[in-house]
Amino acid sequence: MAMRRKTKSKIEVAFIYIFFLIMFVIIGYPLFWAVMMSINPGTNMLVTDLFPDSPTLEHYKWLFTDPNSDYLTWYKNSLFVAVLNAVGSVVITSLIAYAFSRYKFIGRKYGLYMFLLLQMFPALMGMVALYILLNTIGLTDSLWGLLIIYLGGQIPFNAWLVKGYFDTIPKELDEAAKIDGAGHLRIFWTIMLPLAKPILAVVALFNFMAPFMDFLLPRIVLTSPENYTLALGLYNFINDQFSTNFTRFAAGAILIALPIALVFLVLQRYLISGLTSGATKG
Amino acid sequence: MAQKQEKRKTGLSQPRNIATLLSVIVPGLGQLYNRRILKGLIFLIVTISFLVATWDYLDIGIWGLFTLGTIPREHHSIQLLLQGLISLIVLFFGIIIYIYNIRDARKDAIAREEGRKKPSLLKGMLDFYDGGFPYFMIIPGLIMLVFIVVLPLLFMLALAFTDYNQYNAPPRNLLSWVGFDNFVDLVNIGVWKDTFFSVFTWTIVWTVVATTLQIVLGFFLAMLVNDKRVKFKRTIRTVLILPWAVPAFVSILIFSALFNPTFGAINRDILSQFEIMIPWLSDPFWAKVALIMIQTWLGFPFVFALFTGVLQSVPADMYEAADVDGGSRWQKLRHITLPHVLYATAPLLIMQYAGNFNNFNIIYLFNEGNPAVRGQNAGGTDILISWVYKLTFETNNYNMAAAITIIMGLLVMGFAFFQFRKTAAFKEEGRY
């Protein structure tokens, strides 16, 4: 009996590993394929090979050195928007979350409901109006215009997330500080912010990555290639003549995906704990 | 002091009512009556500057909102509509300040009646800072939220009731309010009706199937990795999370190339071994299958990560108790793990459904909603949001796009309703 259970368990474990193996292949294959495509010579997809006879880095070189390539400009643009977006959203959402977590004020409850509701409405729903608005204030085809939309659009989701996290920080801490004579901002600065670092890191990370990944908003807001962000620029590589530029796209895409994936994997622990504690306690 | 109390008057001559009335007539006057000079002056100045600065704007805005302009080419209906909506918002904030002013005057007057001492200037300012602090914290975000999220949604809401389309567009033409005509057209006119119902059905199928698959797969994998007998947990987790770490637009475009019937590896390298060629991009059915598979690939790691976190928080003694009672593995799963995990993650799972409902990126990047379908003005894989995008930016059917957006909004409210209920449940429970 004991023997039988042991063999059964072993077979089970074997099946589990086989399943993982299948998953690994399914996950890895497309990524591996893209990497291999990026080192295929030429741009004709019909003659590409999974294992090219003469692998080459010509596409990577092209991105950085060819005078026709705007790749570095796009990288710079994306970094610009990403950094400001990360910093700005942490500031804005932590202020809002602090007010919602620690103070009673008129409109608090409806404000929370509003956040919950609004985070389900994608920016696309109001796109026409956003475009006209940006036009009236002269911020179309501008990275600042893009940034403003990102900053405003992230508020509902992140404010809710950070507020949920703030709620888990014991109130006794700030009450004790209040007795010691600390003001509102001092409590915020010396108690709440340091303790909320994990969730603030999550917010910063999400908003840092968003401009690298989003392609829709830039497509609507930005029109001239020197203002493109990476996602938009890369999309245009393959948008016009799909089959002819995919190898180049693959090279450019890998250079974005790699740093983002690395940062992501390093920070995943924070990410998950922040998400679960923030969102489920909201 | 005592005498003053006795002589307390009622009705209009009572100071609190006088102060209230004065503030109703002219903001700040009540405060001046209360001898709160500085505060009164501030209210007065704010009121005057508010009126001076916004009067013309509001006047035109409100007029424009009702008429949408009267002279073609001179009045731009869309700008008037936008100005009208902004006017409404500004007016709303103005009224809030106005009401605050009245309440403030009344409060101070009551304090004076009761003989409480007028606070010193410093104390007054400190009180103002204390009471107003949460508002100061939310105002920058609130203003952004109102103009970047709420205003555009209101604008779309308004557009749905106008006749703004390619053929009737400002500045050449004036727009007018048409009531529910657009919605009626949507379910009555042949091509709109057919398109709407087929896109709508596919959107629902897409949302339910793709999201459920990614949740089931994520859950299953989380259970497996959580198994005590499995080793190398960290490595396995890292690999399983990889699809989440790679930017989605990159993966989608890679898949789009992989599924390409001429050069894509799926047909060329894999299926050709079995002598099968599947028209992934040109046949609506297969394109949909491909989309659902890709979304499962993209979406399961998030759920997996989430469940992994929650599974570790299930109290071990519950399983031990179940073991003692001779519970089977299935029973443990059904009665301990599932309730626990679903309860803790329900809001995020609902968000997953809402997210896929609005998942424009995958539909558009994979195949731009194509292939085209006969007798329809949307592609075979278009979901509502990508259809709206096409109607807006490709065929300029703004009014119909807006009407569909409203229908989407109503559906999204359905998700939100569940969300609220779940969140309310958490508050009562207070356990997680």
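1. Domain bounds here come from an automatic or database domain assignment. For chain B this assignment gives domain 1 (2–159) and domain 2 (182–427). The C-alpha centres of domain 1 of chain B and domain 2 of chain B are 46 Å apart.

2. The model is predicted: local features need pLDDT of at least 70, side-chain atom pairs count only at pLDDT 80 or more, and totals for chains, interfaces and linings use all residues. Residues are numbered from 1 along each chain as its sequence is written, and chains are lettered from A and ligands numbered from 1 in the order in which they are written.

3. Chain A has 13 helices and 0 strands (DSSP runs numbered from the N terminus: helices are H or I, at least four residues; strands are E, at least two). With 282 residues, chain A has a radius of gyration of 24 Å, well over the 19 Å of the globule rule, so it is more spread out than a compact globule (radius over C-alpha atoms; rule: 2.2 Å times the number of residues to the power 0.38). Its C-alpha atoms fill a box of roughly 80 × 75 × 30 Å along the principal axes.

4. In chain A, 73% of the contacts with a separation of 6 or more join residues 24 or more positions apart (contact: C-beta atoms, placed from the backbone, within 7 Å).

5. Between the chains, the contact takes 72 residues from chain A and 74 residues from chain B. On the side of chain A that touches chain B, helix α13 (residues 242–280) gives the most, with 17 residues.

Conventions: Two residues are in contact if their C-beta atoms, placed from the backbone, lie within 7 Å.
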